[in-house]
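Dear colleague,

Please find the structure below, followed by an account of what was found in it. I would be grateful if you would read the notes with the structure open beside them.

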Amino acid sequence: MVKNDEILSEEEQHFAGAGRVYYFDVVIDSGKGAILTDVDGNEYIDLLASASATNTGHAHPKIVKAIQDQAEKLVHYTAAYFASATEAKLANELVKLAPGNPDDWMVVYGNSGSDANDAVIKFARGYTGRPNVVSFVGAYHGSTYGSISASAVSLNMSRKIGPLLPGFYKVPFPSPEKRLAGESDADFVERMFVAFKEPFENYLPAEETAVIMVEPIQGDGGIMAPPAGYWQKVAEFAHEHGILLAVDEVNQGYGRTGTFWSFEHFGLEPDLIAMGKSMASGMPLSAVLGRREIMQSLEAPANVYTTAGNVVSAAAALATLDVIKSEDLVARSAKLGEVAQKFFNHEKEQFDFIGDVRLYGLNGGIDIVDPQTGLGDEQVTNTIIYNLFKNGVLMISLRGSTLRFQPPLVIEEDDLQRAFTIMHQVFDDFAKGKLSEPNGRHHIGW
Ligand SMILES: Cc1ncc(COP(=O)(O)O)c(C=O)c1O
């Protein structure tokens, strides 16, 4: 028996299934840049970047060194009671990432993107004195009770665990499949904005709403953004009614979309910014940046966690910012994103099972559809990602039938081209009916 299988069959005895979305029988052993190696020694080009948590790639030497140096000095002392130099330095750096004057912003730390969004909810309620939270269908804000209550991307995230928190309302997201045939951007935006306002006109008093939570580009929802103008209308509505605007940059921030924050694409001026994942290159750390007056609305210990702002994670976060800057990763994401856009557009022209292609930087959702109906085809998507995996490319799906393209931003162009060559071959083999379906025991994907 190979080692991958040995480890997995042993783990399966004790690891509860709710904690992992199953894709392939693989056990990751090591990583370098955009290349992963499993415990059997097989190599994969990583097109997932640990769910967009390792934008700087795997085991970046500068980040590893920063972690080692900090760990030798101090592994942890809780920021809930005392400051540590590294964590204090990071707070000063993070406010510089906010729009406008850094002095207008303050920071709190967390351990995960989920608890960052919980903090958003707490501060928004604390500051406004209002109970209600509005978010979008298709959003994923996390897995704690607060963030899961704001999410709407999988039935298994509410099935059997309810009731979720009261005061949470969902509005429709202007995703491409909602657009009517021949509908212009402007008409689509207007129609979706009418739908957005419907709750506020019928049962949800705007003056009792604390915050609108937004993923400017929905990540787990399929890497999709509304047409130009839509977010502006939502932002204006929020502003008019004294509702805070919070952006969730956990997935799409830190250079992923070809700008540092994804909200920059839409000219938004958020009041609260949640971040996590890549901010510490995969070390557990999250943060919320908020306008000063909002962050001063709650008193300790309204938002403390023992390990939030851990110094080793904070050291990794400082090194991450250094790497993003010194290697120009934001521009690299934009540049390689164009290369990827060309590749996927070209494939779409050749293969009728490739539907909508959405790229924002080195970050994309590629729909796999049944050419007869135009609807998403989960089985074909699974066949494609399974055969990519068999050929050394690690890629997963979003919402069943969208290919999730999120390589580390440091990926070498040669490796990216190699991944594209393999992908083209897999598409071509599928078109010729040559591919085998995954023969796993498990359901693949969310
Ligand atoms: C947009 C967004 N927000 C929040 C989260 C939750 O982050 P975490 O898994 O670190 O709790 C995720 C995770 O995928 C995410 O994509």
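**The loop around T257**

A polar contact of 2.9 Å joins the side chains of T257 and H265. The side chain of T257 makes another such contact, at 3.1 Å, with the side chain of T259. As for its place in the chain, T257 belongs to the loop that runs between β8 (244-248) and β9 (272-275). T257 counts as buried because its relative accessibility is 2%, and buried means under 20%. Please bear in mind throughout that this is a predicted model.

Within it, β12 (residues 364-368) and β15 (residues 402-405) pair in the antiparallel sense over 4 bridges.

On one hand, β5 pairs with strand β7 (residues 209-214) in the parallel sense over 3 bridges. In this pairing N132 stands opposite T209 of β7, and V133 has V211 of β7 as its bridge partner. On the other hand, β5 pairs with strand β6 (residues 168-171), again in the parallel sense, over 4 bridges. There, the bridge partner of S135 is K170 of β6.

**The ligand**

Which residues come nearest to the ligand? Of the 13 residues around the ligand, they are G113, S114, Y140, D248 and K277. By class, this shell is made up of 2 nonpolar, 7 polar and 4 charged residues. Helix α5 (residues 113-128) gives the most to the shell, with 3 residues.

Several side chains place polar atoms by the ligand:

- D248: an N or O atom of its side chain is 2.7 Å from a nitrogen atom of the ligand.
- N251: a polar side-chain atom lies 3.3 Å from an oxygen atom of the ligand.
- S112: a polar side-chain atom lies 3.5 Å from an oxygen atom of the ligand.

Taken alone, the ligand exposes 390 Å², and the protein buries 84% of that.

**Y203**

Is Y203 buried or exposed? Y203 counts as exposed because its relative accessible area is 51%, and the cut-off for exposed is over 50%. Y203 lies in the loop between α7 (185-202) and β7. Y203 and G19 are 184 residues apart along the chain, and their C-alpha atoms are separated by 36 Å.

**Backbone details to inspect**

Two cis peptide bonds deserve mention. One runs from G162 to P163, with omega near 5°; P163 lies in the loop between α6 (145-149) and β6. Another joins A300 and P301, with omega about 0°, and P301 is found in the loop between α9 (292-295) and α10 (311-326).

Helix α2 (residues 49-52) contains S50, and S52 lies in helix α2 too. S50 has a phi near 50°, a positive value in a residue other than glycine. For S52, also a residue other than glycine, phi is positive and near 65°.

With kind regards

Note on methods:
Residues are numbered from 1 along each chain as its sequence is written. This is a predicted model: local features need pLDDT of at least 70, side-chain atom pairs count only at pLDDT 80 or more; totals for chains, interfaces and linings use all residues. Side-chain values use heavy atoms; hydrogens and water are left out. Two strands pair if DSSP finds at least two bridges between them. Helices (H or I, at least four residues) and strands (E, at least two) are DSSP runs, numbered from the N terminus. A residue is near a molecule or strand if one of its heavy atoms lies within 4 Å of it. A polar contact is a pair of N or O atoms within 3.5 Å; within protein, one must be able to donate a hydrogen and the other to accept it, and residues adjacent in sequence count only if both atoms are side-chain atoms. Accessible areas come from the Shrake-Rupley method with a 1.4 Å probe; for residues, only the protein chains shown count as cover. Ala, Val, Leu, Ile, Met, Phe, Trp, Tyr, Cys and Pro count as nonpolar, Asp, Glu, Lys and Arg as charged, and the others, Gly among them, as polar. Buried means under 20% relative accessible area, exposed over 50%, partly exposed in between (1.4 Å probe, protein chains only).
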